[in-house]
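Me: I am new to this structure and would like to learn how to read its features. Can we go through them one at a time?

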Amino acid sequence: MRFHIQQDSDIPASSQLYNQICFAIAARHFPPGHRLPSTRQLAMQTGLHRNTISKVYRQLENDGVVEAMAGSGIYVRDQQNPRDIKPAPGPRSRHLPDIDREVRQSVDGLLNAGCTLQQARDLFTREIDWRLRCGARVLVSTPREDIGASMLIAEELTPHLDVPVEVVPMEELESVLESSSNGTVVTSRYFLQPVEEIARRHSVRAVPVDLNDFRHELDLLKDLKAGSCVGLVSISPGILRAAEVILHSMRGSELLLMTATPDVSSRLLALLRASSHVLCDRPSLPLVEQNLRQNRAQLMRLPQVHCAQSYLGSATIDLLRKEIGLLAV
């Protein structure tokens with residue numbers, strides 16, 4: 001993936017690069033465990049000073065998005081690896097080797113480590129109980145200022161999970177977990193570190209979901225004629241901010257960009273009047289279409305509306321089902 005930096009922009013180059021790397025990680029262009037380009041490689045690609053790139057990498061590390069390995073490089077943090085779940089026996093796991101043999105080997109390993117049979121049974125029981133507790137419900141949590149991101153995640157998870165899915169602002173997560181710590185907390189990778197810190201205090205797992213790579217939408221924006229006005233509409237202010245920086249990094253001042261949340265009708269109407277193309281998420285689409293119908297007489301032309309059908313990456317729901325024990329593969 002190549003990064004684009006507008007050197008003459010009012011948006012700091014470090015912010016442009018930070019947002020593009022975050023998006024690349026959230027959309028799995030850079031999957032967990034992937035080694036990021038060296039500061040030298042990025043300097044050659046972007047024209048930025050290596051100190052600026054190092055500053056961005058330090059910020060990503062402070063935010064829990066990447067981890068530095070001395071003498072090796074900067075890697076996308078592999079959050080799920082420490083608690084990798086092995087599939088349970090069943091029709092879809094017949095390709096696995098002898099399950100009984102694996103269980104025996106696990107028990108033998110514990111005995112060789114000095115455990116008694118009773119201790120081995122307690123360890124297995126505790127782990128199974130913990131995983132059952134994690135699968136009791138899903139709490140989707142992001143900061144209150146961007147609760148729209150939680151609503152987008154919850155909307156796409158609910159039809160695919162056989163457990164309750166609740167939206168909880170990050171500011172209320174502590175009190176919710178104090179009353180009941182059953183469940184798994186789900187968030188965007190953008191907010192993983194603060195959510196994970198709260199979940200850890202209550203022995204609850206925090207799992208990040210990966211975003212759609214929005215490849216089709218980005219290709220559409222790349223092909224627009226210079227001077228086009230583009231409107232972005234989403235219930236997530238955070239998505240709008242990140243998209244604005246990323247689009248500016250791609251096209252600079254070639255495109256006029258307007259953003260709006262669908263609940264601010266005056267802002268939305270101004271966007272629809274000015275834009276030749278409107279990109280929105282699924283929850284925003286009904287309000288976009290309603291405003292177009294109600295105000296058609298005031299519009300010189302109707303913008304082309306494109307709705308992004310998915311907020312989450314195609315594989316992330318199955319990965320989450322596996323992580324909380326709902327999927328045997």
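**Reading the features**

Reply: We can start with a helix. In α8, which spans residues 192-201, the buried residues are L192, V195, E196, I198 and A199. They lie on the same side of α8, because they cover an arc of only 165 degrees around the axis. Keep in mind that this is a predicted model.

Me: Why do residues three or four places apart point the same way in an α-helix?

Reply: The general idea is that an α-helix has 3.6 residues a turn, so residues at that spacing point the same way. In this structure, V195 and I198 are among the buried residues of α8.

Me: Which residues are exposed on the other side of α8?

Reply: R200 and R201 are exposed there.

Me: What do the buried residues of α8 pack against?

Reply: Their partners are helix α7 (170-179) and the strands β5 (184-188) and β6 (205-209).

Me: Are R28 and F214 buried or exposed?

Reply: The cut-offs settle this: buried means under 20% relative accessible area, exposed means over 50%, and partly exposed is in between. R28 has 33% relative accessibility, so R28 counts as partly exposed. F214 has a relative accessible area of 16% and is therefore buried.

Me: How do I read a pair of helices?

Reply: Take the distance and the angle between their axes. For α9 (residues 215-223) and α10 (residues 237-251), the axes come within 10 Å and cross at roughly 45 degrees. An angle under 35 degrees would count as roughly parallel and one from 65 to 115 as roughly perpendicular. α9 and α10 are therefore oblique to each other. The crossing of α9 past α10 is right-handed.

Me: Which residues of α9 and α10 meet?

Reply: From α9 they are L218, L221, K222 and D223, and from α10 they are L247, M250 and R251.

Me: Can we follow one of these residues?

Reply: L221 will do; its place is in helix α9. With a relative accessible area of 6%, L221 is buried. Between L221 and L247 there are 26 residues in sequence, but their C-alpha atoms are 7.9 Å apart in space. Neighbours within four places in sequence aside, L221 is in contact with V230, L247, R251, L255 and L279.

Me: What about a polar residue, such as S9? Where does S9 lie?

Reply: S9 is in the segment before α1 (13-26). S9 counts as buried because its relative accessibility is 17%. The next step is to look for partners of the side chain. The S9 side chain reaches the backbone nitrogen of I11 at 2.9 Å. A polar contact of 2.6 Å also links the side chain of S9 to that of H248.

Me: Setting aside neighbours within four places in sequence, which residues is S9 in contact with?

Reply: With that exclusion, S9 is in contact with Q16 and H248.

Methods. Residues are numbered from 1 along each chain as its sequence is written. This is a predicted model: local features need pLDDT of at least 70, side-chain atom pairs count only at pLDDT 80 or more; totals for chains, interfaces and linings use all residues. Side-chain values use heavy atoms; hydrogens and water are left out. Helices (H or I, at least four residues) and strands (E, at least two) are DSSP runs, numbered from the N terminus. Buried means under 20% relative accessible area, exposed over 50%, partly exposed in between (1.4 Å probe, protein chains only). A polar contact is a pair of N or O atoms within 3.5 Å; within protein, one must be able to donate a hydrogen and the other to accept it, and residues adjacent in sequence count only if both atoms are side-chain atoms. Contact means heavy atoms within 4.5 Å. The arc is that of the directions from the helix axis to the C-beta atoms. Axes are lines fitted to C-alpha atoms, for helices over the stretch in contact, and angles run from 0 to 180 degrees between N-to-C directions. Angles under 35 degrees count as roughly parallel, over 145 as roughly antiparallel, 65 to 115 as roughly perpendicular and the rest as oblique. A crossing is left-handed if the near helix is turned anticlockwise from the far one by less than a right angle, and right-handed if clockwise.
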